[in-house]
Amino acid sequence: MVLEGTNGPFRDLTDYILGITHEIWESRRIERIDDYYSSDCLIYTLGGLVRGAAAIITNTHDTLRTFPDRLLLGEAVIGTELSPGQFLSSHRIGSPMTHAGDLPYMAATGRKIFVRTIADCLVENGRITKEWLVRDNYSLALQIGADPVRVARHVAGGRHAESLAWLEAEHRRVTGNSTHGAAGEFEPSGAATFARAVLGAQWLGGDAAVMAYAPYAVLHDSQVVASGRDALLSYYAALRHGMARSAVSVDHVAVQDRHAGEYQVAARWTLAFEHVGPLWGVAASGRSAILLGVTHWQIVAGRIVAEWSIYDRIALLAQLV
């Protein structure tokens with residue numbers, strides 16, 4: 001039995017995603033990207049759009065020059081079948097690595113670091129045709145001792161017209177499609193409603209998310225951010241002080257049943273807002289911005305017990321500096 005639409009040895013979507021990631025990265029068979037990504041695939045990142053397998057190969061070699069021992073260790077794959085031969089996966093990755101090569105804004109430090117990434121991939125007939133990629137580059141900058149605002153200015157200087165146009169279009173789309181409601185306990189049949197309610201409460205305000213979390217819930221990015229429901233909700237409340245006229249669009253939700261009342265849920269979302277207060281080291285600019293994020297929840301007995309929320313804060317700050 002193989003994954004529908006493929007000719008390879010992969011038994012299901014999780015086997016496919018973990019298998020090709022190991023082959024490309026751990027086995028360093030970078031050329032296999034040509035086999036697993038379509039020649040015209042489009043990767044959406046907040047720092048800029050990437051088109052085609054050839055560009056992915058180039059970017060991969062560039063990354064390995066800087067972090068030659070980088071691993072992509074699968075922590076979770078939460079997927080769904082959209083139609084025969086068409087799947088969407090949300091792959092949470094932990095990457096231990098050494099900063100052994102120079103970056104444009106920082107000479108090699110030799111530091112050991114750990115960064116999380118989530119890649120949402122559209123797989124069609126055995127090839128990835130679209131990907132939404134979010135990486136915690138802010139944590140990366142802090143761990144190697146770089147100033148995140150300086151890094152953001154470097155990113156801002158390298159943005160292209162197509163990427164800027166996409167940011168503007170996303171801001172218009174999100175402000176016209178924002179919905180949320182009150183979040184109670186999780187039910188798998190209402191996963192999309194649950195995701196909209198929780199993410200709306202986090203970014204738009206209010207206490208609607210209280211019942212969605214267990215008292216001992218833990219929030220992660222590349223590190224542990226907050227332990228306990230009160231600390232977690234206070235973290236989001238502090239971020240909201242820097243934002244006004246916010247809107248959030250939940251763009252994809254997938255559920256994986258772990259049995260005995262435990263579920264894994266993935267939600268990809270986009271936040272649009274105006275920058276009105278201090279945010280990750282940048283004073284109020286009055287500018288409009290968007291944030292592309294993916295959140296994974298571990299749910300036990302109807303409540304969130306662990307949350308991994310990954311987004312590129314460096315690319316966000318590049319819109320504000």
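Predicted model: local features only at pLDDT ≥ 70, side-chain atom pairs only at ≥ 80, totals over all residues.
Residues are numbered from 1 along each chain as its sequence is written, and side-chain values use heavy atoms, with hydrogens and water left out. Helices (H or I, at least four residues) and strands (E, at least two) are DSSP runs numbered from the N terminus.

**The six-stranded sheet**

- Six strands form an open sheet in the order E2-E1-E6-E5-E4-E3, with mixed pairing, where two strands pair if DSSP finds at least two bridges between them.
- Strand E2 (48-51) and strand E3 (73-83) stand at the edges with a single partner strand each, so one side of each has no neighbour in the sheet.
- Neighbouring strands of this sheet are turned by 20° against each other on average, direction ignored; axes are lines fitted to C-alpha atoms, for helices over the stretch in contact, and angles run from 0 to 180 degrees between N-to-C directions.
- Strand E1 (residues 37-45) runs antiparallel to E2 and is joined to E2 by four bridges, and Thr45 has Gly48 in E2 as its bridge partner.
- Helix H1 packs on the sheet, touching E3, strand E4 (86-98), strand E5 (112-124) and strand E6 (127-135), and its direction makes about 35° with that of E4; contact means heavy atoms within 4.5 Å.
- Helix H6 (residues 161-175) also packs on the sheet, where H6 touches E1 and E2 and its direction makes about 120° with that of E2.

**Strand E12 and its partners**

- Eight of the nine residues of E12 are buried, which leaves the strand mostly covered; buried means under 20% relative accessible area, exposed over 50% and partly exposed in between, with a 1.4 Å probe and protein chains only.
- E7 pairs with E12 in the parallel sense over four bridges, and His220 stands opposite Trp308 in E12.
- Strand E11 (residues 288-300) pairs with E12 in the antiparallel sense over eight bridges, and the bridge partner of Thr295 in E12 is Ser309.
- E11 and E12 form a hairpin with two residues between them, and Ala301 in the turn has a positive phi of about 55°.

**Aromatic pairs and charges over rings**

- The whole structure holds 14 aromatic pairs, counted for rings of Phe, Tyr and Trp (its six-membered ring) with centres within 6.5 Å, where planes under 30 degrees apart count as stacked, over 60 as edge-to-face and the rest as tilted.
- The rings of Phe10 and Tyr36 have centres 6.2 Å apart and planes at 70°, so this pair is edge-to-face.
- That pair links distant parts of the chain, with Phe10 in the segment before H1 and Tyr36 in helix H2, 26 residues apart, and both Phe10 and Tyr36 are buried.
- Trp203 and Tyr311 also make an edge-to-face pair, because their ring centres lie 5.9 Å apart and their planes stand at 75°.
- Trp203 belongs to helix H7 (residues 191-204) and Tyr311 to strand E12 (residues 303-311), 108 residues apart, and both residues are buried.
- One aromatic cluster is formed by Trp203, Tyr235, Tyr236, Trp269, Trp280 and Tyr311.
- Arg92 lies over the face of Trp308, at 3.8 Å from the ring centre, where a charge sits over a ring if NZ of Lys or CZ of Arg is within 6 Å of the ring centre and within 35 degrees of the ring normal.
- Arg70 lies over the face of Trp25, at 4.9 Å from the ring centre.

**Ser222 and its surroundings**

- Ser222 lies in the loop between strand E7 (213-220) and strand E8 (224-227), and Ser222 counts as buried because its relative accessible area is 3%.
- The side chains of Ser222 and Asp136 are joined by a polar contact of 2.8 Å, that is, a pair of N or O atoms within 3.5 Å in which, within protein, one must be able to donate a hydrogen and the other to accept it, and residues adjacent in sequence count only if both atoms are side-chain atoms.
- A polar atom of the Ser222 side chain lies 2.9 Å from the backbone nitrogen of Arg116.
- Not counting residues up to four places away in sequence, Ser222 touches Phe114, Val115, Arg116, Asp136 and Ser139.

- Arg28, in the loop between helix H1 (13-26) and helix H2 (33-36), has a positive phi near 55° although it is a residue other than glycine, and Arg28 counts as partly exposed at 30% relative accessibility.
- His259, found in strand E9 (residues 243-259), has a positive phi of about 75° and is not a glycine, and His259 is exposed with a relative accessible area of 58%.
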